[in-house]
Amino acid sequence: MSSPATAFAEATVRTATPLALAAIGEVVVERAGIINISLEGIILSGCFGGLVGATHAGAMGGYAASMLFGVAAAIAFALFAVWLRADQIISGTAVTLLAIGLTGTLYRTLYGTAGAGLSIPTTGPVPIPALSRIPVLGPGLFEQPIVTYATYLLVPLVWWWMYKTHAGLALRAVGENPVAAEATGIRVSRMRFGAMIFGGLTGGLAGGALVLAQAGTFAEGMSAGRGFIAIAIVVLGRWHPLGVAVAALVFGGASALQFLLQALGLALPYQLFLSLPYVLTLAGLAGMAGRVRAPAALARIEGP
Amino acid sequence: MKHSPRLAVGLVIALIVGMAGLLVAAGFDVQRAAWALVNGSLGSWYAIGSGTLIRATPLILTGLAVAIAFRAGVFNIGAEGQFIVGAAAAAATALSIRNAAPIIVLPLVLLSGFVAGGMWASIAAVLRVRFRVLEVISTIMLNFVAAYLVSYLVRGPMQEPTHIYPQTQTFGDAAHLPRFSTGTRLHIGFAIAVAACAGAWWAIRFTASGFRLRVVGANPTAARSAGLIDVDRVTMRAFLVSGALAGLAGAIEVSGVTYALYENISPGYGYTAIAVALVARLDALAIIGSGILFGALEAGATAMQRDAGVPSVVVSVIEAGVILSLVALGRTGIGARKTP
């Protein structure tokens with residue numbers, strides 16, 4: 001076993017990956033003026049998709065299916081939130097509830113109640129030649145599953161798209177002032193639908209990462225609030241792709257802290273560690289009070 | 001795009017067809033499942049009293065909790081956590097008072113659940129009022145923390161004396177809620193839930209606090225600019241009352257049904273409560289009816305799992321379908337919401 005510091009760095013990046021993926025999609029969605037409360041359901045759908053895909057077509061098939069399932073859940077939410085202009089919080093909660101029910105029912109139907117020990121093909125760490133031999137941080141950053149590297153690429157890509165392209169500018173305009181955006185010829189609803197599909201892709205992939213790169217199995221409700229934590233991460237990262245990546249790492253670190261503290265042999269109740277990410281979310285959100293500004297049109301129903 | 005009734009009806013039909021299709025595709029005997037659902041909830045007086053109404057009791061109280069919060073524009077998704085904490089506090093009280101008459105013990109048990117639920121909600125309430133933290137996020141975070149807290153309690157300081165099972169020991173008889181008659185498991189908690197709805201209905205309709213609650217929920221900006229209403233104070237109060245009612249539901253569940261505190265003491269009552277509240281269009285009296293409806297659904301689903309092998313988690317699909325249909329119809333009873 002490697003040193004505790006290396007193990008900590010590795011666990012930090014590993015647990016941060018699904019959070020960063022889900023949050024990077026949520027940044028795009030929120031910059032378009034939609035608060036995607038269904039993100040939790042999207043991640044859970046992605047988890048289930050990962051399971052279904054992996055049992056039929058291997059780990060890569062699992063990732064593909066996880067994105068597909070994530071997009072399906074995202075479209076369900078977008079039909080209500082974008083197309084019908086329904087309350088985003090209520091319809092998002094309902095879509096999450098729907099995902100919990102559907103994945104639970106289908107899981108028990110397809111895999112039986114004794115599916116707990118189900119093991120599926122997973123993607124193990126792929127060390128990047130020279131880089132993974134950097135002391136301490138090398139294995140942490142560069143001896144990770146493939147989906148983590150995809151996240152490394154996605155973060156700067158989204159940043160570039162959002163701030164350096166016309167489409168990115170249009171997206172931000174939609175989130176700030178949809179009426180004005182529409183007046184300049186931007187198709188607001190189409191933009192928001194597109195943002196939701198991207199949010200579905202990354203949220204679904206986050207679920208796939210949970211199943212295929214972390215747990216190696218599916219459990220009912222295994223998203224365990226990560227969708228909501230990802231929404232909080234977007235606030236902590238100030239709706240900026242790079243800020244969000246940093247915030248996701250902080251959360252990964254908080255979750256990984258339990259491995260470090262266990263290694264140090266502290267006799268604290270394990271439930272304390274398990275509740276740490278949730279408590280940290282609350283503390284983080286309270287700490288950001290008054291120092292951040294959300295997209296002006298976020299969660300508003302009215303518009304063009 | 002405006003709400004179109006035809007579209008909404010189409011959505012509802014699609015949901016029902018999808019639901020039945022799902023069960024058929026999954027290879028279940030739909031007829032048998034439907035029979036078990038009806039029989040298990042309404043098929044006999046025993047099913048009604050000891051199945052449906054017992055399940056309805058926590059749903060009515062948590063549904064009322066959600067409705068009061070939503071009426072004030074507070075999106076309390078945390079009834080689940082407030083219920084759990086209320087149950088834990090009630091259990092602690094029930095287990096620590098010994099050798100006392102029920103007339104002393106029971107009110108204290110219920111009161112501790114009530115207070116604990118309100119205190120748990122106050123965390124999210126303060127975060128919203130003082131720090132502008134979106135309560136949807138904070139209450140859900142607190143749901144997880146509450147679940148881990150109870151997990152710790154029933155494996156640690158509150159575990160039963162033999163230290164084998166993750167639960168507390170069974171409460172003494174003095175902490176058992178009385179039942180309506182000997183032939184039923186239905187306890188007086190049901191009457192408390194109904195009375196709470198009636199009281200809330202009256203308070204919302206005929207008192208000054210109720211008026212302020214309605215005004216703030218309908219239009220916080222107007223309420224603030226009118227100058228006579230302290231919006232933060234009304235929000236805070238609605239949040240606390242909401243949490244207290246959910247906590248009371250938890251106290252009633254442990255003293256009326258389980259007589260002990262377990263992990264997973266709530267099978268998601270706090271989430272079903274959202275559907276209960278929305279079906280009632282946030283009307284306190286109508287919640288009695290919608291609570292019984294969902295109680296029947298849950299009791300029926302248990303029978304469906306037992307008799308037809310259909311996983312009871314399918315109820316979440318139905319609940320989500322109901323909420324989404326109401327959302328599509330634009331009939332949730334929630335006023336035009338501005339960003340908090």
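Helices (H or I, at least four residues) and strands (E, at least two) are taken here as DSSP runs, numbered from the N terminus, and the expected span of a helix is 1.5 Å times one less than its number of residues. The structure is a predicted model, in which local features need pLDDT of at least 70 and side-chain atom pairs count only at pLDDT 80 or more, while totals for chains, interfaces and linings use all residues. Residues are numbered from 1 along each chain as its sequence is written, and chains are lettered from A and ligands numbered from 1 in the order in which they are written.

Chain A has eleven helices and two strands, which follow one another from the N terminus in the order α-α-α-β-α-β-α-α-α-α-α-α-α. The radius of gyration, taken over C-alpha atoms, is compared with a globule rule of 2.2 Å times the number of residues to the power 0.38. For chain A the radius of gyration is 19 Å, close to the 19 Å that the globule rule gives for 304 residues, so chain A is as compact as a globular protein of that length. The C-alpha trace of chain A spans about 60 × 45 × 40 Å along its principal axes. A residue is called buried if 20 or more other C-beta atoms, placed from the backbone, lie within 10 Å of its own, exposed if 12 or fewer do, and partly exposed in between; by this criterion, 54% of the 304 residues of chain A count as buried. Two residues are in contact if their C-beta atoms, placed from the backbone, lie within 7 Å, and among contacts in chain A between residues at least 6 apart in sequence, 77% join residues at least 24 apart.

Helix 11 of chain A has 18 residues, which at 1.5 Å a residue should span 26 Å, and its end C-alpha atoms are 26 Å apart, which agrees. The bend at a residue is the angle between axes fitted to the seven residues ending there and the seven starting there; helix 11 of chain A bends by about 45° at A:L276, with a proline, A:P277, following within four residues. A:P277 is itself one of the buried residues of this helix, which also include A:F273, A:Y278 and A:L285.

Chain B contains 13 helices and zero strands. Its radius of gyration is 20 Å, close to the 20 Å that the globule rule gives for 340 residues, so chain B is as compact as a globular protein of that length. Its C-alpha trace extends about 60 × 50 × 35 Å along the principal axes, and 55% of its 340 residues count as buried. Helix 6 of chain B (residues 135-155) has 21 residues and reaches 30 Å from its first C-alpha to its last, close to the 30 Å expected at 1.5 Å a residue; this helix is mostly covered, with 18 of its 21 residues buried.

In general, most residues other than glycine have a negative phi. B:R132 lies in the loop between helix 5 (102-131) and helix 6 of chain B and is partly exposed, with 15 other C-beta atoms within 10 Å. B:L282, in the loop between helix 11 (269-279) and helix 12 (284-308) of chain B, is buried, with 23 other C-beta atoms within 10 Å. Within helix 2 (residues 30-42) of chain B lies B:A34, which has 16 C-beta neighbours inside 10 Å and therefore counts as partly exposed. The C-alpha atoms of B:A34 and B:G300 are separated by 8.8 Å, although these residues are 266 residues apart along the chain.

The contact between the chains takes 41 residues from chain A and 39 residues from chain B. On the side of chain A that touches chain B, helix 2 (39-83), helix 3 (88-111), helix 9 (226-236) and helix 11 (270-287) of chain A each supply at least two residues, and the largest share, 15 residues, comes from helix 3 of chain A.

A nonpolar core is a set of buried Ala, Val, Leu, Ile, Met, Phe, Trp, Tyr and Cys residues joined through C-beta atoms within 7 Å. The largest such core has 226 residues, of which A:A23, A:I233, B:L61, B:L64, B:A277 and B:I323 touch the most other members; helix 2 of chain A gives the most to this core, with 23 residues. Leaving aside neighbours within four places in sequence, B:L61 is in contact with residues including B:A193, B:L245 and B:I252.
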